[in-house]
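Colleague: Thanks for making time for this. Could you walk me through the model once we both have it on screen?

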Amino acid sequence: MYGVVVCPRCRKAKGVDLSQKATACPCGFEIHVVPARVRARTSIPRELPGLVGEVNAEIAGGLAAYRDAARPRKRPRSRNVHARVVASAVRAGDRMHRIRAAAEGLTRELDVFSLDDWREVLGGLGLVEAEEALQELLKGNVVYEPRPGFFRAVPAIP
Ligand SMILES: [Zn+2]
């Protein structure tokens with residue numbers, strides 16, 4: 001029986017005769033052949049290189065997916081949205097007008113906005129009491145909560 005093992009040091013797959021207890025990896029590490037860690041098996045030696053390739057591809061794929069997930073998420077669109085809303089709301093006048101303009105701007109840009117969106121915009125306006133401000137708007141019926149955790153400015157009556 002033949003199998004594919006993965007070197008714990010260099011993370012490369014290697015074909016091995018499973019009757020062996022250990023095999024030397026090209027990186028110099030001695031891989032112990034542990035049955036539970038054999039990734040693929042075959043009784044046909046010529047199938048082994050294909051299986052090694054598959055396991056290497058799996059490792060590379062898993063690694064790519066992992067790197068993708070570990071990369072800090074880029075939110076360019078979202079960031080632009082917040083910057084635009086901040087830029088327009090900052091000119092709206094006093095605190096209450098700015099808060100109102102922020103809610104209206106977010107609604108215009110995003111349709112509904114989350115507390116995170118709200119905090120980011122209010123932070124951009126230099127206002128730290130984001131949650132209190134949102135509560136004020138909710139109480140004043142300037143903003144409502146169409147879905148739990150999502151907010152929208154009440155359309156202004158022309
Ligand atoms: Zn190795």
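**Cysteines, a helix and paired strands**

Modeller: Counting as a disulfide any pair of cysteine sulfur atoms within 2.5 Å, the total comes to zero disulfides. Before we go on, this is a predicted model, where local features need pLDDT of at least 70, side-chain atom pairs count only at pLDDT 80 or more, and totals for chains, interfaces and linings use all residues. Residues are numbered from 1 along each chain as its sequence is written, and side-chain values use heavy atoms, with hydrogens and water left out.

Colleague: Which residues coordinate the zinc ion?

Modeller: Donors are N, O and S atoms within 2.8 Å of the metal (3.2 Å for Na, K and Ca), and water is not among the atoms, so sites may look incomplete. Here the donor residues are spaced C-x2-C-x14-C-x1-C in sequence. At 2.2 to 2.3 Å, the zinc ion is coordinated through SG atoms by Cys7, Cys10, Cys25 and Cys27.

Colleague: What geometry does the site of the zinc ion have?

Modeller: Four donors count as tetrahedral if all angles lie between 85 and 135 degrees. The four donor atoms of the zinc ion make angles of 101 to 115°, and the site is tetrahedral.

Colleague: Is Cys7 buried or exposed?

Modeller: Buried means under 20% relative accessible area, exposed over 50%, and partly exposed in between (1.4 Å probe, protein chains only). Cys10 has 27% relative accessibility, so Cys10 counts as partly exposed. Cys27 is also partly exposed, because its relative accessible area is 29%. Cys7 has 0% relative accessibility, so Cys7 is buried.

Colleague: How many Å does helix H3 reach from its first C-alpha to its last?

Modeller: Helices (H or I, at least four residues) and strands (E, at least two) are DSSP runs, numbered from the N terminus. The expected span of a helix is 1.5 Å times one less than its number of residues. H3 covers residues 95–110, and its span is close to the expected value, at 22 Å.

Colleague: Which residue in S8 stands opposite Val143?

Modeller: Two strands pair if DSSP finds at least two bridges between them. Strand S7 (residues 143–147) pairs with S8 in the antiparallel sense over three bridges. The residue in S8 opposite Val143 is Ala153.

Colleague: Along strand S8, which side chains point to one face and are buried?

Modeller: The side chains of S8 (residues 150–153) alternate.

Technical notes: Tetrahedral: all angles 85-135°; square planar, octahedral: opposite > 155°, others 65-115°.
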